[in-house]
Amino acid sequence: MSEKIWIGKWITDATYDFGEGESPIPMEFRYDFSIMDKKIETAWIDVTAWGIYEIELNEEKVGQDYFAPGCTSYKYQLQYQTYDMTANVKEQNTIRVFVAGGWAVGVFHMSRKNKIYADNLALLAELHILYEDGEEIIIGTDEDWQVTQDSSFRMAQWYDGETYDATYTEEKKHWKKADVTIPRHNPKILAQYGVPVRAQERLIPQTIFQAKSGEYIYDFGQNFTGVISAKIKGHEKQKIIFRHAEILVENELFVKPLRTAKAAATYICKDGEQEYSPRFTYMGFRYVGVRGIEPENLELSAIVLHSDIEETGTFSCSNELLNRLQENIRWSGKSNFVDIPTDCPQRDERLGWTGDIAVFAKTACYNFDMSKFLNKWLLDMNAEQVEDGGIPFVIPQGADTWNPMVSACWGDSCILVPWAEYLARGDIELLKRQYPMIKKFLKGCEKRASLLSIGKHKYIWSLPYQWGDWCAPDTNMLGWWLRAPWIATAYFANSAKLVAQIAYILGEESDASYYEDLFQNIKQAYRDVFTNKKGKVKREFQSAYVLPLAFGMVELEEVDAMVENLQKLIDKNGGHIATGFPGTAYILYALSDNGRSDLAYKLLLQETCPSWLYEVKAGATTIWERYDALREDGTVNFGDEKKKSDDSDGGMVSFNHYANGAVGAWLYERCLGLEAIEGGYKKFRFKPVIGGGLTWAKGSVKTPFGKISAKWSIEENMLAMEIDVPAETSCELVFPDGESHSLEVGHWEYKKEWKGEN
């Protein structure tokens with residue numbers, strides 16, 4: 001990607017300042033221009049900002065994007081967009097650009113930090129007009145542009161929302177000449193390489209009722225990320241407030257999980273019929289509470305927003321609860337792919353936490369084409385990795401105060417994310433680009449593990465800081481942290497194993513041998529230090545068994561004992577899952593791939609708390625951060641939010657958090673049975689794991705070679721399997737009894753007698 005040479009200058013209003021913890025009032029920039037009396041061939045604008053912007057030409061919005069220029073590690077790279085304006089240019093024209101605080105200047109982080117990358121809002125743009133005779137006119141931002149703080153956007157911020165005053169007419173605006181400025185940072189300014197955030201669909205309320213508080217509650221029937229869209233019959237200065245929430249308690253909006261976020265849109269009316277939808281914020285919500293207008297004067301809908309990623313995978317089966325789980329996984333994915341992979345879309349956070357996407361990446365790459373989206377984010381990760389291999393816990397790091405460090409699962413995202421994307425799309429160039437960062441990270445892991453250690457303890461990893469068994473439902477935050485050595489060491493082994501595979505793919509054979517040896521050493525150390533060498537972990541918890549089983553770290557003669565001990569822990573927990581984020585993605589694999597598919601299905605189909613289907617039966621339409629976010633008695637679980645000790649979770653609860661939705665990969669790879677063996681599905685396997693009373697499963701995945709469709713079904717004691725194999729690929733079809741067939745391009749159907757239990 002090459003940098004553009006700009007004629008335009010950065011402009012701002014240098015007289016404006018705002019306090020700590022505040023977001024700036026959005027600025028409006030204006031430029032009037034006329035065109036020559038000859039035919040235009042094309043007209044376009046290149047534009048970026050410190051903040052987020054939106055353009056109007058002659059009072060018409062330019063482009064479809066929200067939140068341009070997008071969220072990047074602004075110290076290193078900043079995107080610019082190009083919009084075609086040929087059809088909208090007239091003889092006399094006015095171009096307006098509204099700039100709000102966004103990620104770079106406004107409040108962003110639960111610490112409510114502002115001015116993270118820039119001290120003020122600023123705009124950089126060039127308008128190009130190319131005439132048919134070859135003459136080109138370029139109008140760049142400079143002192144001839146005007147700026148005002150008197151736009152209708154009176155407040156705009158990620159967490160608190162937006163305030164729009166429709167009474168701010170042109171006559172009320174005080175314009176001044178723009179000031180040329182020099183930003184604090186000087187990043188590469190690159191043509192957009194990420195995926196823009198755009199409107200995806202419109203939802204309408206399923207029910208409307210008036211709460212005891214007097215607020216009108218609109219239920220959209222689905223938790224999602226987006227903004228309201230309102231058609232209003234109003235009068236001058238009428239104030240309408242739209243509040244957002246994910247859940248109701250006693251038929252009132254329950255906003256406590258938002259923490260400090262206000263998540264409100266305020267609209268001040270002009271006279272007559274008018275429309276409003278926020279442009280410089282977004283919310284995570286299902287419910288909207290409305291004050292200041294009666295329902296008969298309001299037509300309310302909602303716009304679903306997320307990065308413009310294509311949906312590439314489908315899964316369904318004979319169990320409707322699992323189908324709803326799949327929908328919840330999809331919605332949580334879409335809700336948290338808003339320019340960066342966020343943890344949640346609603347509270348005062350919305351950060352690019354590396355641990356969440358580390359475990360969810362494989363599931364994401366089944367459901368969506370994540371290539372451009374993840375490539376953009378990984379570019380920021382590359383930029384922000386430090387010399388000792390450390391990676392920030394959130395990417396971009398922004399206001400996060402944690403020092404970048406090598407850490408298990410969270411840091412392993414530098415391997416797990418590109419590996420998932422490689423399997424889905426077969427992009428070897430991605431692996432090549434990431435390989436130096438991967439090696440540097442693993443070197444840092446080795447150094448930290450061996451610090452102050454000798455012998456086999458050189459491969460036991462716990463320092464400098466680990467999140468451990470994060471969000472495990474059977475303990476508290478202190479308990480999560482105390483499990484760190486088991487979690488970190490297992491992830492260390494898995495990453496060494498994966499990087500050995502990556503090295504072989506890239507032709508780095510000496511590296512491959514080195515990392516394979518490293519894997520074997522870590523595997524042996526885990527066995528020697530943490531187990532009795534007979535399949536029993538000395539300090540037992542579910543993830544301590546799950547990870548070595550799933551990562552191939554168990555000696556063959558010990559597998560059965562380890563699976564049996566894992567089963568005992570599950571039984572002791574009432575047949576429930578007790579893994580945190582790092583283990584949840586792998587628990588069903590640990591069971592089904594080691595002879596206990598029956599127990600895997602039992603866990604998957606568990607309907608009491610904690611479980612995936614407990615959430616479904618409780619009415620969830622997305623994945624929750626904690627299985628018990630909503631208790632069986634209808635109360636919300638904040639943990640001990642008032643406790644200040646290390647075992648407090650600080651009131652951490654989200655109802656739209658995709659990490660536990662990492663189970664979605666198992667639905668594709670085992671329940672359906674469709675799994676890539678080589679990158680991009682050049683070779684793939686169709687090998688369903690049948691159980692749980694299911695009588696059929698079907699699904700599809702779009703690959704670089706074409707669409708793969710697969711289905712299995714059981715009817716009248718016959719198992720039927722169908723598969724579409726795209727050109728230039730090959731498929732290994734495997735029946736549950738081990739019978740296999742090697743297939744090339746075409747549609748294939750097989751049947752055989754079914755004697756098993758389903």
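## Basis

The model is predicted: local features need pLDDT of at least 70, side-chain atom pairs count only at pLDDT 80 or more, and totals for chains, interfaces and linings use all residues. Residues are numbered from 1 along each chain as its sequence is written, and side-chain values use heavy atoms, with hydrogens and water left out.

## Overall build

The protein has 15 helices and 36 strands. These are DSSP runs, numbered from the N terminus: helices are H or I with at least four residues, strands are E with at least two. The radius of gyration is 27 Å, close to the 27 Å that the globule rule gives for 758 residues, so the protein is as compact as a globular protein of that length. That radius is taken over C-alpha atoms, and the rule is 2.2 Å times the number of residues to the power 0.38.

Along its principal axes, the C-alpha trace spans about 80 × 60 × 60 Å. Of the 758 residues, 62% count as buried. Buried means under 20% relative accessible area, exposed means over 50%, and partly exposed lies in between (1.4 Å probe, protein chains only). Contact means heavy atoms within 4.5 Å. Among contacts between residues at least 6 apart in sequence, 74% join residues at least 24 apart.

## Helix α9 and its partner α10

Helix α9 covers residues 542-550 and is mostly covered itself: 8 of its 9 residues are buried. Among them are Gln542, Tyr545 and Leu549. The buried residues pack against α7 (484-505), α8 (509-530), α10, α11 (581-584) and α12 (587-592). Gly552 follows α9 and has a positive phi, near 70°.

Two packed helices are described by the angle between their axes and the distance between the axes. Here α9 and α10 (residues 556-572) pack at about 145°, with axes 9 Å apart. Axes are lines fitted to C-alpha atoms, for helices over the stretch in contact, and angles run from 0 to 180 degrees between N-to-C directions. From α9, the contact uses Gln542, Tyr545, Val546, Pro548 and Leu549. From α10, the residues include Val559, Met562 and Leu566. By class, the contact has 10 nonpolar, 2 polar and no charged residues. Ala, Val, Leu, Ile, Met, Phe, Trp, Tyr, Cys and Pro count as nonpolar, Asp, Glu, Lys and Arg as charged, and the others, Gly among them, as polar.

## A four-stranded sheet

An open sheet of 4 strands runs in the order β29-β30-β34-β35, with mixed pairing. Strands pair if DSSP finds at least two bridges between them. The edge strands are β29 (674-676) and β35 (740-743), each pairing on one side only. Neighbouring strands are turned by 20° against each other on average, direction ignored.

Strand β34 (residues 730-734) pairs with β35 in the antiparallel sense over 4 bridges. The two form a hairpin with 5 residues between them, and Gly738 in the turn has a positive phi of about 100°. Cys731 has Leu743 as its bridge partner, and Leu733 stands opposite His741.

Helix α15 (residues 664-672) lies across β29 and β30 (683-686), running at about 110° to β29. In α15, 9 of the 9 residues are buried, so the helix is largely enclosed by the rest of the structure. Trp666, Glu669 and Arg670 are among these buried residues. Gly673 follows α15, with a positive phi near 100°.
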